[in-house]
Protein chains: 2
Amino acid sequence: MELTVLSGGTGTPKLLAGFRDHEKFDNDELTIVANTGDDVMISGNLVCPDLDTVLYTMAGIIDEETWFGIEGDSFVTHERVDSLSVSDPREHYLPEEKQTEGPEIGHWRRFSGYREFMRIGDRDRATHITRTALLSEGSDLTRATARMSSRMGIEATVLPMTNDPVATMVETPQGPMHFQEFWLARQGEPKAQSIEFRGIKGARLPGAVREGLDRPVLIGPSNPVTSIGPILEIPGVRECLKATTVIAVSPFVNDRVFSGPAKEFMEAIGREPSTRGMIEMHKPFLDAVILDNEDTTETELPVFRTNTDMDAVGPETLAASILEKMKEWVS
Amino acid sequence: MELTVLSGGTGTPKLLAGFRDHEKFDNDELTIVANTGDDVMISGNLVCPDLDTVLYTMAGIIDEETWFGIEGDSFVTHERVDSLSVSDPREHYLPEEKQTEGPEIGHWRRFSGYREFMRIGDRDRATHITRTALLSEGSDLTRATARMSSRMGIEATVLPMTNDPVATMVETPQGPMHFQEFWLARQGEPKAQSIEFRGIKGARLPGAVREGLDRPVLIGPSNPVTSIGPILEIPGVRECLKATTVIAVSPFVNDRVFSGPAKEFMEAIGREPSTRGMIEMHKPFLDAVILDNEDTTETELPVFRTNTDMDAVGPETLAASILEKMKEWVS
């Protein structure tokens, strides 16, 4: 069956690995729309953490320990950058006036490579260089991603949510900061008070994403606020979702989260950090939910309960049962 | 003795390795002014081939086979960039209108990193990232170089010839192209018809270079046109050189060149490609010359003949005899 998955950077890629490995699923029929709000310009190039994780997952080269970067990658450049810098504990977010200089796609998220607060592998860096090279030659992120995806032998269609700059900014008592500064450089320690997707109102929905949203849509078990949230806020996406079948896999078991800062961010936007809160968030377009066997959340929506703990059952098992259930729901 | 050396990227660094290793020479007394006309923006960062070769030489980590990059470096990123590209034999020089976008120092020499026509090592790349990071944070090339030089434990003072953009452009029957396109991407095959140092009229002489040029100056055995030429053309340099003692080591033995495209470039600017041509070029400020024993060039200037073939005598031997002779000439 044709299927479009909305993805962030950890939980959903894990599930995507299940689709990738599922023998009875034709990867040609899979479209993946990845969040780009977490992207940053650093060390001279555009890094798209969620998009890259999706690419590496579908290419079978993802580091499955961290779900970030390429398995077995070396860190020669990164370590040498560190040795060329004097000790300095902070990321180097460029000054305000530099944030809207240079290629538009880097707006509001430009970091210097000094000490490189993001741990970038040598093979991983080649993706950033090639992507940024293609952009500088006039390509857009959709086409640049397609070219690299093809070189990586990926059969699924991997799409960035938009070709325009969207920067996920976290408001904290220490001021607003980009998601990556908050999460990587400050280890999520400042209190997240609110979230802004800067640029979102001007972000256009690429034709390929619009087509993908004509098909049944699976919202993967990613952070609903900073991973799925930016995709939903692109003008036009909600209308598409209302017109198709949308099924969400909860990233929670009741109010317990599988990984990452979903809880803190749900609270920051005034939502209950739980499956219930997620269902409330997606209510206007949500048609059914997939919950863990232990999740006791009650809802009027059709529910399919299964073991959603992929560390226990394996991504392929979960993907297979989701696919089977979706076929039933969609038909 | 205090000494300032003008350097390009191959012959002179080899001699600098001799100064570095000479026991009786205090590296604190050495200032090196490096050509920056060959620099390019590529793969998101500013690459300064001559400056880097000087840094790596003085840090004792230069690859002494190629005099480019760091000894024993790996090429993980570079090779992966190649594998992510479709076959395409050419450098990707960005279109005209992009050449003067973004950081000024990259003007007229912006290449995309697609296929990365310059072979960049992983450790080497860290230099480019750190340099460009410092520039993006508001440093200039002089200060960025000083910071990295200090991290590399270098005692000599290493200076870029200017902090302003100067791009060495080669006019050929196939149109004008940057020096690196001509030399690396096209292997010097098109005929060089003339040379332009784009931006040179607006290039300012940094205070540190001006101070360096108050001391006795040694013009190293580099290509007189594209390595030494840009330094000489910076407004103010010739006046400084006229006021101090300037000694040149010929990169030729009569009309035979030790390495590189000096011959082709001398011809392109209408000079005899020989020691005689080099002396003519530098005549207005040249005080003495150091020639190879086999060089029979006649000149009215004081001449010191020695074995200048460093592959035969070793850089340290040549450096030692040059130092001894210079002391005599300067006193």
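Here is a short briefing on how the two chains are arranged and how chain A is built. The model is predicted. Chain A can be laid on chain B by a turn of 180°, and 61% of the 331 residues in chain A are buried.

**How the two copies relate**

- In general, a rotation about an axis and a shift along it relate two copies of a chain.
- If you want a landmark for the axis, look for G44(A): of the residues of chain A, its C-alpha comes closest, at 2.0 Å.
- The copies meet through the same surface, because 100% of the interface residues of chain A are also interface residues in chain B.

**Fold and dimensions of chain A**

- Chain A contains 13 helices and 14 strands.
- Its radius of gyration is 19 Å, close to the 20 Å that the globule rule gives for 331 residues, so chain A is as compact as a globular protein of that length.
- Along the principal axes, the C-alpha atoms of chain A fill a box of roughly 55 × 45 × 35 Å.
- Among contacts in chain A with a separation of 6 or more, 70% are between residues 24 or more positions apart.

- The accessible surface of chain A is about 12,700 Å², and carbon and sulfur atoms account for 44% of it.

Technical notes:
Residues numbered from 1 in each chain as written. Chains lettered and ligands numbered in written order. Predicted model: local features only at pLDDT ≥ 70, side-chain atom pairs only at ≥ 80, totals over all residues. Heavy atoms only, no water. Least-squares fit on C-alpha atoms with pLDDT ≥ 70 in both. Contact = heavy atoms within 4.5 Å. Helix = DSSP H or I, 4+ residues; strand = E, 2+ residues; numbered from the N terminus. Rg over C-alpha atoms; globule rule 2.2 N^0.38 Å. Buried < 20%, exposed > 50% of the residue type's maximum accessible area, 1.4 Å probe, protein only. Areas by Shrake-Rupley, 256 points an atom, 1.4 Å probe, with all protein chains shown as cover.
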